Structure formats: C-alpha cells, structure tokens
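Here is a short briefing to read alongside the sequence and the model.

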Amino acid sequence: PEELHPPPVLTGEDLIARGLKPGPAFKRLLDAVRAAQLDGHAGTKEQAHSLVTRLLAEWGLGSAPPPA
C-alpha cells in the first residue's frame, strides 16, 4: 500500500533544480530525505528541502537554495 511505500517526496530532479550536481553526496541526500519521509519528519517538499539545506551545511558542502 501507498502508506507503507509512498512516492518519494524529493527526487534527483528536485536536487538538480536546486543546482546540485549528481555525485556521492547526491545519493546520501536522497537516502536521508527518504528515511526522514518514512519516519514522518519530511512529508512535504518544503520539509525535504529544509532538510537538504541543513544536511549540506552539516556536511560542509555549502548550500544550494531551494527552488523558487
């Protein structure tokens, strides 16, 4: 059922739209967002983008602004 396996709240295309380039951190970001989504902490794109911004800062990778 969709409740157990909802569609990803954020995709690689969303990260590319933020100006991020695919690479090792890309998958880590998508995995972290997916885990947060399944744990109920990132159910919206806005929450997911906030998490990405925070993780980029924590990982010392700068920041990419969320899409307008």
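From the N terminus on, the elements of the protein run α-α-α, giving three helices and zero strands; here helices (H or I, at least four residues) and strands (E, at least two) are DSSP runs, numbered from the N terminus. This is a predicted model, in which local features need pLDDT of at least 70 and side-chain atom pairs count only at pLDDT 80 or more, while totals for chains, interfaces and linings use all residues. Residues are numbered from 1 along each chain as its sequence is written, and side-chain values use heavy atoms, with hydrogens and water left out.

**Overall numbers**

- Of the 68 residues in the protein, 32% are buried; buried means under 20% relative accessible area, exposed over 50%, and partly exposed in between (1.4 Å probe, protein chains only).
- The protein exposes about 4500 Å², with carbon and sulfur atoms supplying 59% of that area, as computed by the Shrake-Rupley method with a 1.4 Å probe.
- Among contacts (heavy atoms within 4.5 Å) between residues at least 6 apart in sequence, 57% join residues at least 24 apart.

**Helix H3**

- Helix H3 covers residues 45-58, and its 14 residues should span 20 Å at 1.5 Å a residue, which agrees with the 20 Å between its end C-alpha atoms; the expected span is 1.5 Å times one less than the number of residues.
- Which residues of H3 are buried? They are Ala 48, His 49, Leu 51, Val 52, Leu 55 and Leu 56.
- Seen down the axis of H3, these buried residues fall within an arc of 155°, so they line one face of the helix; the arc is that of the directions from the helix axis to the C-beta atoms.
- As background, an α-helix has 3.6 residues a turn, so residues three or four places apart point the same way.
- Glu 46, Ala 57 and Glu 58 are exposed on the face of H3 turned away from its buried side.
- The buried residues of H3 pack against helix H1 (12-17) and helix H2 (24-38).
- Leu 56, in helix H3, is buried with a relative accessible area of 2%.
- Leu 56 and Ala 25 are 31 residues apart in sequence, yet 8.8 Å apart in space, C-alpha to C-alpha.
- Gly 60 follows H3 and has a positive phi, near 70°.

**Helix H2**

- H2 has 15 residues and reaches 22 Å from its first C-alpha to its last, close to the 21 Å expected at 1.5 Å a residue.
- The buried residues in H2 are Phe 26, Leu 29, Val 33, Arg 34, Ala 36 and Gln 37.
- They cover an arc of only 165° around the axis, which puts them on the same side of H2.
- Pro 24 and Lys 27 are exposed on the other side of H2.
- H1 and H3 are included in what covers the buried residues of H2.
- Leu 30, found in helix H2, counts as partly exposed at 23% relative accessibility.
- Not counting residues up to four places away in sequence, Leu 30 touches Leu 10, Thr 11, Gly 12 and Leu 15.
- Leu 30 and Val 52 are 22 residues apart in sequence and 8.6 Å apart in space, C-alpha to C-alpha.
- Just after H2, Gly 40 takes a positive phi of about 85°.

**Rings and charges**

- The charged end of Arg 28 sits over the ring of Trp 59, 3.8 Å from its centre; the rule asks for NZ of Lys or CZ of Arg within 6 Å of the ring centre and within 35 degrees of the ring normal.
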